[in-house]
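User: Could you go through this one with me, a piece at a time? I'll ask as things come up.

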Amino acid sequence: MIAQHAQILVVILPLLCAPLVLLLGKSRIAVWFTVGVLSVNALLTWWLLLQVLTIGTLRYSLGNWPAPWGIEYRLDPLGALLQVMIASIAAVMAPFLRKLLAEEIGSSRQYAALVAFILLTAGLLGIVATGDAFNVFVFLEISSLSTYALIAIADKRDALLASFRYLIVGTIGATFFLIGIGLVYILTGTLNMDDLAVRLPEVSHTNTTQIALIFVTIGIAIKAAIWPLHAWLIPCYSYAPRGIVAFLAALSTKVALYALARFLFGVFPLADMPIGSVLLEILQLLAIAAMLIGSAAAIAHSNVRAVLAYSSVAQIGYITLGLALATSAGVTAAIIHMFNHAFIKGSLFMCIAILATGSGKHALESLKGLGHRMPIVGIALLIGGFSLVGVPLTSGFISKWFLITALVQAEKWIWIVAVLLSSVMSIIYVWKIVEAVFDKSDDKQVRSYDLSVDIPIVLLAAVSLYIGINSSALVSTAEQASKWLLGMP
Amino acid sequence: MDPQLYNYWLVILLMMTGLYALIARGNLIRKIIGLNIFQVSVFILYISAGFIREGAAPILSPNVDVYSNPLPHVLILTAIVVSVATTALGLALVIRIKAAFGSIDDDTLSYSSGDSATELSIKTQKSSQ
């Protein structure tokens, strides 16, 4: 029974969990209940991934209505991989958030943040789970609305402004996406993504299809913070509650990039469309600009959160570049980096959140020497930083290796120079952080450990290391996912 | 011109009005109003698409052959719910912004940063907008 409905349970469980946590309110059970539900959910996604890898794409018709008429949930290798990523990170971060939220926004409002966090998880899982274009919009908005609330819940007035401005920009993005979906629906009469892929080639030359593609791409690009639509991201990552940022930085932009990949390759017949290749060229240029400008801005800043936020802009550039190559190798590289960067940035923001716990300040100055006082966090930060640069034996190296291989295959020599340049710049800004955190001048050598936050951080950092050493499982899944996405069985 | 297309001209008019209000107005409440007008234009786009010439209301009846398409209406019902939630959240934020900053004019609101680093980040962000 559960096996049959596992696909929808992954989304329904957190959706049901949210109101229950609200009812449990301030009691201590609420947090552990959340951790329990999210852990079960994570196990379900792992099981689904194994299923998908052995028997292929899973389909689930809601209410037993057959596909083009009813809403269909469809899980392919890419979706299953991303669900594992989302559900695992959410389960690992829940106990971490408990401590940080209690500290930062007070235990009286902690449960409200927890509810929004669960809804955000449900929204992100839903975007990946569904095979219906309109459902993507609804889940996108569920996750965005929870994100606005989570940012604004910080006890800082800057967070309110960041949240409001993100709300305006984010809603414009979602509405653009809605317009695009509406246009393809008017053309084809269907909202099922597979069905759209069958029907759109007939109308691939009409102006309406071109405009729909542009609306969908811009709408998602805002959510994914693809340069130059990244402006909302910097204040949001700088002022949101520290624990929440770790989760947002890890997942929300990745899921938007997944949606972009899904619509570019799984819905629109890009190869037949007059603007298809132009759009990919533009995305490549934007990706290059994101890498160079993002990394340069990261070097220029001295606030750790701003540094990491700009670094995210640059890393989103790598993923976009891989996708925009539209070759099997490029998309594989993009998927691998999507996965790796989620764990890298998640663990980095978690480390920074813990290091800044005492002072609440994020200037590099105020972090001086803290790596000696909290050695576990310090080492995890080191691993995350090395991964970001792409040092061998970390997951970042695997990402860059595959991206550069894909660029060589596509003969984009100038792009390779840009990727390497951006990597060199990332050494500079990572070094700034590492240098401050391991500054020797601090003589307070009292070491402190806190298992409830150290274990989640160690787990995420361990994933980065493990993939750096043994990436075969991830690479083969990503290759399968990209083959499926590009329709090359 | 085909009178059936008037709806779509209205959609374009409303869309531009909404976007203009969003960009040009500094008052946060007006921004939310602009956002609503923008969203409503998309609702009309969907609902207009459900119209079928000489189609009756989609209720099964022996005398009717052509029905309007009810699906866009149902979709838009969902989108309206999303829009209401967004508006509510936006207005709630405006109330808290007013309490925290004492103003709801976007031009006078800016991030109050403790260290120069965040200030810099906002300048860069403004120049990139």
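User: In what order do the elements of chain B run from the N terminus on?
Analyst: The elements of chain B run α-α-α-α, with 4 helices and 0 strands in the chain; helices (H or I, at least four residues) and strands (E, at least two) are DSSP runs, numbered from the N terminus. This is a predicted model, in which local features need pLDDT of at least 70, side-chain atom pairs count only at pLDDT 80 or more, and totals for chains, interfaces and linings use all residues. Residues are numbered from 1 along each chain as its sequence is written, while chains are lettered from A and ligands numbered from 1 in the order in which they are written.

User: What does chain B average in pLDDT?
Analyst: Chain B averages a pLDDT of 81, and 84% of the residues score at least 70, where pLDDT is the predictor's confidence in each residue, from 0 to 100. The model as a whole scores ipTM 0.87 and pTM 0.90.

User: And which elements of chain B have the lowest and the highest mean pLDDT?
Analyst: The lowest mean, 40, belongs to helix 4 of chain B (residues 116-128), and the highest, 92, to helix 2 of chain B (residues 28-49). Over residues 115-129 of chain B the pLDDT is below 50, and beyond near neighbours in sequence this stretch has 29 contacts in the model; two residues are in contact if their C-beta atoms, placed from the backbone, lie within 7 Å.

User: How many residues does each chain give to the contact?
Analyst: Chain B gives 36 residues and chain A gives 32 residues. On the side of chain B that touches chain A, the elements that give two or more residues are helix 2, helix 3 (71-101) and helix 4 of chain B, and the largest share, 13 residues, comes from helix 3 of chain B.

User: What share of chain B is buried?
Analyst: Buried residues make up 26% of the 129 residues in chain B. A residue is buried if 20 or more other C-beta atoms lie within 10 Å of its own, exposed if 12 or fewer, and partly exposed in between, with C-beta atoms placed from the backbone.

User: Switching to chain A, how do helix 4 and helix 5 of chain A cross?
Analyst: The axes of helix 4 of chain A (residues 107-129) and helix 5 of chain A (residues 133-152) come within 8 Å and cross at roughly 155 degrees; axes are lines fitted to C-alpha atoms, for helices over the stretch in contact, and angles run from 0 to 180 degrees between N-to-C directions. That angle makes helix 4 of chain A roughly antiparallel to helix 5 of chain A, since angles under 35 degrees count as roughly parallel, over 145 as roughly antiparallel, 65 to 115 as roughly perpendicular and the rest as oblique.

User: Which residues meet there?
Analyst: Among them are Ala113(A), Ala116(A), Phe117(A) and Leu120(A) in helix 4 of chain A, and Phe139(A), Ser143(A), Thr147(A) and Leu150(A) in helix 5 of chain A. Leu150(A) touches Ala113(A), Ala116(A), Phe117(A), Leu120(A), Ala240(A) and Ile244(A), not counting residues up to four places away in sequence.

User: What about helix 1 and helix 2 of chain A, at what angle do they cross?
Analyst: The axes of helix 1 of chain A (residues 2-24) and helix 2 of chain A (residues 29-55) come within 10 Å and cross at roughly 175 degrees, and the two helices are therefore roughly antiparallel to each other. The contact includes Leu13(A) and Cys17(A) of helix 1 of chain A, and Val37(A) and Leu44(A) of helix 2 of chain A.

User: And how do helix 16 and helix 18 of chain A pack?
Analyst: Helix 16 of chain A (residues 395-410) and helix 18 of chain A (residues 451-469) pack at an angle of about 50 degrees, with their axes 6 Å apart, and are therefore oblique to each other. Ser395(A), Phe397(A) and Ile398(A) in helix 16 of chain A meet Ser464(A), Ile467(A) and Gly468(A) in helix 18 of chain A.

User: Now the backbone: which peptide bond is cis?
Analyst: The bond from Trp227(A) to Pro228(A) is cis, with omega near 5 degrees, and Pro228(A) sits in the loop between helix 8 (207-224) and helix 9 (233-239) of chain A. Ala225(A) is in the loop between helix 8 and helix 9 of chain A, and has phi near 55 degrees, a positive value in a residue other than glycine.

User: Is Ala225(A) buried or exposed?
Analyst: Ala225(A) is buried, with 25 other C-beta atoms within 10 Å.
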